Amino acid sequence: MTTRQEKSNHTTTGSGSCLIDLMSSERPTSWGHLKDEQNCTSPIPSPLGRLENLLDHPANRFCADCGSPDPKWVSLSHGVFICIKCSGVHRSLGVHISKVLSVKLDEWTNEQVDNLVHMGGNVVVNMKYEAQQSDNFRKPRPESTIEERSEFIRRKYEKQQFFNSNGNCAQSLPSPSSGSSRLMNVCNTNFDAFLDKKNFEKQHTCSRIHGIGHAFRNSWRRKESDYKTSKKINSSNKAALPGMVEFIGLIKINVVRGTNLAIRDVMTSDPYVILTLGSQTMKTKVIKSSLNPVWNESLMLSIPEPIPPLKVQVYDKDTFTTDDFMGDAEIDIQPLLSAAKTYENTTITESMQLGKCLATKDNTLVGDSVINMIDGKVKQEIALRLQNVERGVLLIELECVPLSQ
């Protein structure tokens, strides 16, 4: 009689259709093994479950750029797991270079997780993007300054000064065990055998992923005498340089719907919303032929310091001419942020009202806006009367997200 274990072994090793048959037996925890498990097992796990499995891979337990442990952000454009500090620098590069998602805060699809699997994770990406890194240019560490991170990340991804598509050895990152360290130092030629080169080369053009929340707190500062770099940056100019802004939190913006918007075409409009916070700008999808559009689209922005107002603009999409203006408004997010800071470490679980913003002639509120705590989250629902236009109301929901998430 064939035992269950013997059947399992036969299923795993007897089939030539699974990638695991092509992998070395000395490396059972390789990225290819993870990909094989996802393709060959049933039922298929959820995208979040698959993502957590990839994050648990030894090479992905540390930031690909500075080596900080337990990264919770992903550059979907490059297929690497990064820490919250480095994610802020990636954000400053622009979405055409690096699109960043949160492991916990964003909703993932299987297609997005597949994209990560194809790229190979931190080891494979670093083999290529750090293949020609010179010895006299040191990689950032967890305690490195924003300036050091920014210079390295820009050279690595934007200028690609260290890039070599034929690179086949990964630089090791600190790990809790010697076994993991040995795995991260392996010359990973087998990885390139199953990576789709076309998918890797197309990683910079991924442009259909919405909502990227990115933020970091510059709380680890070195003494000025310890800071050595080829460029001396004047502190008075930091605010003007991308990647040098200090963020104090995240704000999740759900653009719910518009009501009675202005007509910009013959009988209707094709509206979309632009959100601006400091130097960051994000845009919703276009709703065709509607004066009462429903977006229900969530976007995430970093909160810089000093805290600027959240600017909201509505436009009508035109194909052959400049998009038509359909109104704007500003939101003061200071009250929401203050409430979030006050109750950041609270143990209260039931819903409660934390504050209220009153509608006056001096603001754009249609009615009083209440700040509530719901399921431990600080939220605010706002109905905005659009300005500089004949009519239109916009409903938006705000949520302040602690950096610890």
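Because the model is predicted, local features need pLDDT of at least 70 and side-chain atom pairs count only at pLDDT 80 or more, while totals for chains, interfaces and linings use all residues. Residues are numbered from 1 along each chain as its sequence is written, and side-chain values use heavy atoms, with hydrogens and water left out.

The protein has 11 helices and 13 strands; these are DSSP runs numbered from the N terminus, with helices (H or I) of at least four residues and strands (E) of at least two. Of its 405 residues, 48% count as buried, where buried means under 20% relative accessible area, exposed over 50% and partly exposed in between, using a 1.4 Å probe and protein chains only. Taking contact as heavy atoms within 4.5 Å, residues 24 or more positions apart supply 65% of the contacts with a separation of 6 or more.

Now for the sheet. Strands of a sheet pair through backbone hydrogen bonds, either parallel or antiparallel. S1 (residues 73-75) is joined to S3 by three bridges, and Trp-73 stands opposite Ser-102 in S3.

Seven of the nine residues of H4 are buried, so the helix is largely enclosed by the rest of the structure. The buried set is Lys-85, Cys-86, Ser-87, Gly-88, Val-89, His-90 and Arg-91. Besides S1, S2 and S3, the packing partners of these buried residues are helix H7 (146-158), strand S6 (280-283) and strand S7 (294-304). After H4 comes Gly-94, with a positive phi near 100°.

H4 and H7 pack at about 55° with their axes 10 Å apart. On the H4 side, Lys-85, Cys-86, Val-89, His-90 and Ser-92 meet Arg-149, Ser-150, Ile-153, Arg-154 and Tyr-157 in H7. By class, this contact has four nonpolar, three polar and three charged residues; Ala, Val, Leu, Ile, Met, Phe, Trp, Tyr, Cys and Pro count as nonpolar, Asp, Glu, Lys and Arg as charged, and the others, Gly among them, as polar.

Elsewhere, the axes of H3 (residues 47-55) and H5 (residues 110-119) come within 9 Å and cross at roughly 20°, which makes H3 roughly parallel to H5. Pro-47, Arg-50, Leu-51 and Leu-54 in H3 meet Asn-110, Val-113, Asp-114, Leu-116 and Val-117 in H5.

Finally, Ala-359 is found in the loop between S10 (352-357) and S11 (369-374), partly exposed at 32% relative accessible area.

How values were computed
Pairing = 2+ DSSP bridges. Axes fitted to C-alpha atoms, helices over the stretch in contact; angles between N-to-C directions. Parallel < 35°, antiparallel > 145°, perpendicular 65-115°, else oblique.
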